[in-house]
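Please consult the sequence and the structure shown here alongside the text.

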Amino acid sequence: MIPAGTYPGLHSGDVATCFAETVLVVRAELADGTAYALTRLLLGALGELPGVHPSLAGFHPATAWRTVPAPLHPGAARAYRDAGFMA
């Protein structure tokens, strides 16, 4: 459900939906260290993400890396492992 007011001026009531996902996509050639740093920043800000957008309240790093639509960048995978979300 997209709650009324999520996108002011675009809808006046709740909008039923099957799901909403946010995927951060980077090019495969991005330096591992850059992908690692970016992912660590996001993982370190979990409590702040819903304030960026309400849909991010559903982001669960313990499972998010399992459902990516493309191969997980090696730097991001290392960040998930280091944070204890991935074996």
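In what follows, Ala, Val, Leu, Ile, Met, Phe, Trp, Tyr, Cys and Pro count as nonpolar, Asp, Glu, Lys and Arg as charged, and the others, Gly among them, as polar. The model is predicted: local features need pLDDT of at least 70, side-chain atom pairs count only at pLDDT 80 or more, and totals for chains, interfaces and linings use all residues. Residues are numbered from 1 along each chain as its sequence is written, and side-chain values use heavy atoms, with hydrogens and water left out.

**Confidence**

- The protein chain has an average pLDDT (the predictor's confidence in each residue, from 0 to 100) of 90, and 98% of the residues score at least 70.
- Helices (DSSP runs of H or I, at least four residues, numbered from the N terminus) include H2, residues 49–52, where confidence is lowest at a mean of 89, and H4, where confidence is highest at 97.

**The largest pocket**

- A pocket is, on a 1 Å grid over the protein atoms alone, an open set of points where a 1.4 Å probe fits, with protein on both sides within 12 Å along at least five of seven lines; lining residues have an atom within 4 Å of a point.
- The largest pocket holds about 960 Å³ of space.
- It is lined by 34 residues, of which Thr 22, Val 23, Leu 24, Val 68 and Tyr 80 are the closest to its centre.
- By class, this lining has 24 nonpolar, eight polar and two charged residues.
- At least two lining residues come from each of H1 (32–44), H3 (61–64) and H4 (74–82), and H1 gives the largest share, five residues.

**Helix H1**

- The 13 residues of H1 reach 18 Å from the first C-alpha to the last, close to the 18 Å expected at 1.5 Å a residue; the expected span is 1.5 Å times one less than the number of residues.
- Ala 35, Tyr 36, Thr 39 and Leu 43 are the buried residues of H1, where buried means under 20% relative accessible area, exposed over 50% and partly exposed in between (1.4 Å probe, protein chains only).
- Seen down the axis of H1, these buried residues fall within an arc of 100°, so they line one face of the helix; the arc is that of the directions from the helix axis to the C-beta atoms.
- Leu 41 and Gly 44 are exposed on the other side of H1.

**Two individual residues**

- Asp 32 belongs to H1 and is partly exposed, at 41% relative accessibility.
- Asp 32 and Arg 78 lie 46 residues apart in sequence and 8.9 Å apart in space, C-alpha to C-alpha.
- Ala 64 belongs to H3 and is buried, with a relative accessible area of 18%.

Technical notes:
Points joined across faces, edges and corners; volume = space filled by probe spheres on them.
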